[in-house]
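Here is a short briefing to read alongside the structure. Have the viewer open and follow along as we go from the single chain to its contacts.

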2 protein chains.
Amino acid sequence: MSTMALPPCPIPIFTTVASYREWRHKARMQGKSVGFVPTMGALHEGHLSLVRGSLAENDLTVLSIFVNPAQFAPHEDLATYPRTLEQDLRILLEQKIQSPKSSELRSASAVFLPTVTEMYPLGISQDVSSQKGTFVEVKDFSEQMEGKTRPTFFRGVATVVTKLFNAIEPTNAYFGQKDIQQALLLRRMVTDLLLSHPSPQNLRIIPTARDPRDNLALSSRNTYLSTEGRAVAGTLYKALKTVQEAWEQGKTKAECIKLGEKIIEEVKEKSDDVEIKLDYIEMNDSTDFEVLSDGLTKVSCSSGYREGEGGSPIILSGAMWVDKTRLIDNILLGDSSQIVR
Amino acid sequence: MSTMALPPCPIPIFTTVASYREWRHKARMQGKSVGFVPTMGALHEGHLSLVRGSLAENDLTVLSIFVNPAQFAPHEDLATYPRTLEQDLRILLEQKIQSPKSSELRSASAVFLPTVTEMYPLGISQDVSSQKGTFVEVKDFSEQMEGKTRPTFFRGVATVVTKLFNAIEPTNAYFGQKDIQQALLLRRMVTDLLLSHPSPQNLRIIPTARDPRDNLALSSRNTYLSTEGRAVAGTLYKALKTVQEAWEQGKTKAECIKLGEKIIEEVKEKSDDVEIKLDYIEMNDSTDFEVLSDGLTKVSCSSGYREGEGGSPIILSGAMWVDKTRLIDNILLGDSSQIVR
């Protein structure tokens with residue numbers, strides 16, 4: 001990246017931590033708050049909703065673009081992950097909101113675009129067994145849901161976000177609810193590591209942005225979908241909604257999930273041109289990611305320790321393959337304002 | 001600790017991160033540098049040399065006392081590790097040096113004395129398999145030398161020091177050469193995690209403090225030694241010195257180490273009242289901790305990649321049991337100023 005010509009851009013693009021730090025130092029001296037939106041590029045409306053969240057709450061907003069090798073397994077899509085820098089910068093800068101303090105329009109202030117060597121001074125192998133150097137893991141929070149089929153994914157995420165937080169030193173940081181396990185795991189990490197930039201309460205989680213046509217959760221990986229694949233991709237959300245409705249009606253967890261699985265099974269049977277495969281639908285406690293027992297109902301939860309008054313919400317989440325694209329989505333059951341803020 | 005009455009002390013003793021941070025914020029606003037000396041208490045002249053190093057280079061000096069459960073294996077001496085808070089505070093405050101900027105005498109400014117819950121919000125088990133929450137590991141730097149017999153030790157150290165650095169946010173931090181692998185591993189960690197407080201170059205390593213009678217490296221664990229044990233404890237350093245001399249004379253690594261082992265063997269044979277057992281003597285590269293080949297000599301190193309002009313020094317280190325006390329020590333071969341600074 002350092003030898004790559006950067007596209008012309010009216011805001012600074014920092015490719016090194018050292019150059020960013022000079023800018024950050026000035027912001028601190030001026031008493032300005034810095035909001036941070038970490039991304040892997042391929043920006044879509046979901047990222048932009050995080051950017052707008054940051055613009056609304058901070059004097060300055062920094063967006064990072066870094067496709068993190070450590071969170072891809074060797075068989076995953078690191079090489080083909082979409083890279084669309086010029087377009088990313090263009091749509092980033094189109095985001096403008098009214099400053100709450102003055103009449104001026106606010107837009108992003110800087111982009112952090114580090115090289116792999118800048119982020120991993122010893123280099124980084126996707127093969128965990130040959131990795132060298134410092135890694136961060138969040139034990140007992142990385143093995144459920146997404147961690148089940150991607151066993152080293154969250155280790156890669158926790159490591160790169162620790163580095164990014166140390167480099168950027170944000171006042172607030174913005175993550176999407178779509179990756180709910182990631183966001184809650186990072187809040188756990190920030191708490192455990194006693195980080196102050198951001199503090200746990202300043203790690204914000206913004207509701208999932210969806211395609212209004214069928215509520216498909218926006219994702220950079222949606223660009224992989226064929227026309228036929230895109231036509232059925234909304235099925236996962238439909239299944240989760242079905243689970244949620246059954247849950248509200250008082251059915252047990254096992255019954256609810258069975259109904260959701262049925263939705264996907266029906267679409268799968270009707271789809272000849274596209275291969276659909278459910279990975280999982282599950283319900284987990286949002287504080288410790290514990291899997292809910294099959295026999296639990298909304299009422300038994302409410303009267304007990306979960307989802308009730310002051311109780312933590314339940315994560316209803318799922319993953320589904322559409323041909324070679326893996327889609328994820330989730331809905332929070334209970335008082336989501338405890339999490340999404 | 002939070003319910004324990006603190007001894008009277010003329011400088012603030014912070015038991016929570018939040019209370020410390022208020023103090024730290026004021027220091028930042030006043031543009032004052034903060035030196036940090038992390039300890040497990042049981043202070044001795046070795047710690048005090050770090051304190052004086054910090055007093056000389058920083059406007060303010062913070063010492064932490066925290067016996068970190070995560071770096072003790074279940075069979076190790078967590079419960080019996082010496083805890084001497086009142087004496088620690090007394091001798092800490094006796095350290096005074098002339099301020100380079102004015103005529104005033106400088107002494108320590110604050111003590112950070114957190115509870116286990118403050119440092120590990122989810123609690124901490126010494127049994128790694130049942131640990132929950134966030135941990136930091138420095139892969140490929142934690143398995144050699146001390147990591148060989150203490151496989152999870154450096155994971156505990158890296159984790160707690162990450163937390164302490166995030167809590168304290170020091171300008172400079174001070175570690176002793178006695179724990180050379182720990183200090184270099186932490187410098188690696190600070191580099192990898194892109195930490196700025198301290199920056200890698202501001203992680204200082206201070207030469208080992210020794211008992212002038214026999215050059216025994218000072219250690220809190222020396223208090224475990226019986227009179228007979230103390231009388232032979234200097235043997236490890238004597239053995240390392242013998243290895244160093246043979247190395248300077250051009251002997252191969254294997255020959256040098258054999259001579260060192262012989263020194264310990266001789267003392268062992270003559271000691272009836274005390275049990276001596278060598279754990280290891282080894283030579284490792286200081287940049288990647290790679291074990292040197294048996295056939296290497298000072299000349300073949302100098303002409304090659306190690307210890308030569310501009311080359312990295314070699315860590316000559318060892319560990320020895322005296323009854324139930326494990327002692328460690330090391331000597332740097334080559335240009336130690338690259339490391340100890």
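The notes below cover the overall build, the domain contact and the chain contact.

This is a predicted model. Chain A holds 11 helices and 12 strands, and it is divided into domain 1 (13-206) and domain 2 (220-335). Chain A also touches chain B, with 35 residues of chain A in contact with 35 residues of chain B.

**Overall build of chain A**

- The C-alpha trace of chain A spans about 55 × 45 × 45 Å along its principal axes.
- A compact globule of 341 residues would have a radius of gyration near 20 Å, so the 20 Å of chain A agrees with that expectation.

**Where the two domains meet**

- The C-alpha centres of domain 1 and domain 2 of chain A are 27 Å apart. To their contact, domain 1 brings 23 residues and domain 2 brings 19 residues.
- About 1,700 Å² is buried between domain 1 and domain 2 of chain A, and carbon and sulfur atoms give 54% of that area. On the domain 1 side, Met145(A), Glu146(A) and Lys178(A) lose the most area to domain 2, together 31% of what that side buries.
- Between these domains the count is 2 salt bridges. Asp77(A) and Arg221(A) form a salt bridge, with their closest N and O atoms 2.9 Å apart.

**Where chain A meets chain B**

- Chain A and chain B bury about 2,900 Å² between them, with 53% of it on carbon and sulfur atoms. Within chain A, Thr134(A), Lys139(A) and Leu194(A) lose the most area to chain B, together 24% of what that side buries.
- Across this interface there are 4 salt bridges. Lys132(B) and Asp140(A) meet in a salt bridge through their side chains, at 3.5 Å from N to O.
- Polar contacts between chain A and chain B number 17 residue pairs, both residues being at pLDDT 80 or more.
- Several elements of chain A each supply at least two residues of the side that touches chain B, among them helix H1 (17-29), helix H6 (153-168) and H7. Strand S7(A) gives the most to that side, with 7 residues.
- By class, the side of chain A that touches chain B has 14 nonpolar, 9 polar and 12 charged residues.

Note on methods. Residues are numbered from 1 along each chain as its sequence is written. Chains are lettered from A and ligands numbered from 1 in the order in which they are written. This is a predicted model: local features need pLDDT of at least 70, side-chain atom pairs count only at pLDDT 80 or more; totals for chains, interfaces and linings use all residues. Side-chain values use heavy atoms; hydrogens and water are left out. Domain bounds come from an automatic or database domain assignment. Contact means heavy atoms within 4.5 Å. Buried area is the accessible area (1.4 Å probe) that two parts lose on being put together, summed over both. Helices (H or I, at least four residues) and strands (E, at least two) are DSSP runs, numbered from the N terminus. The radius of gyration is taken over C-alpha atoms; the globule rule is 2.2 Å times the number of residues to the power 0.38. A polar contact is a pair of N or O atoms within 3.5 Å; within protein, one must be able to donate a hydrogen and the other to accept it, and residues adjacent in sequence count only if both atoms are side-chain atoms. Ala, Val, Leu, Ile, Met, Phe, Trp, Tyr, Cys and Pro count as nonpolar, Asp, Glu, Lys and Arg as charged, and the others, Gly among them, as polar.
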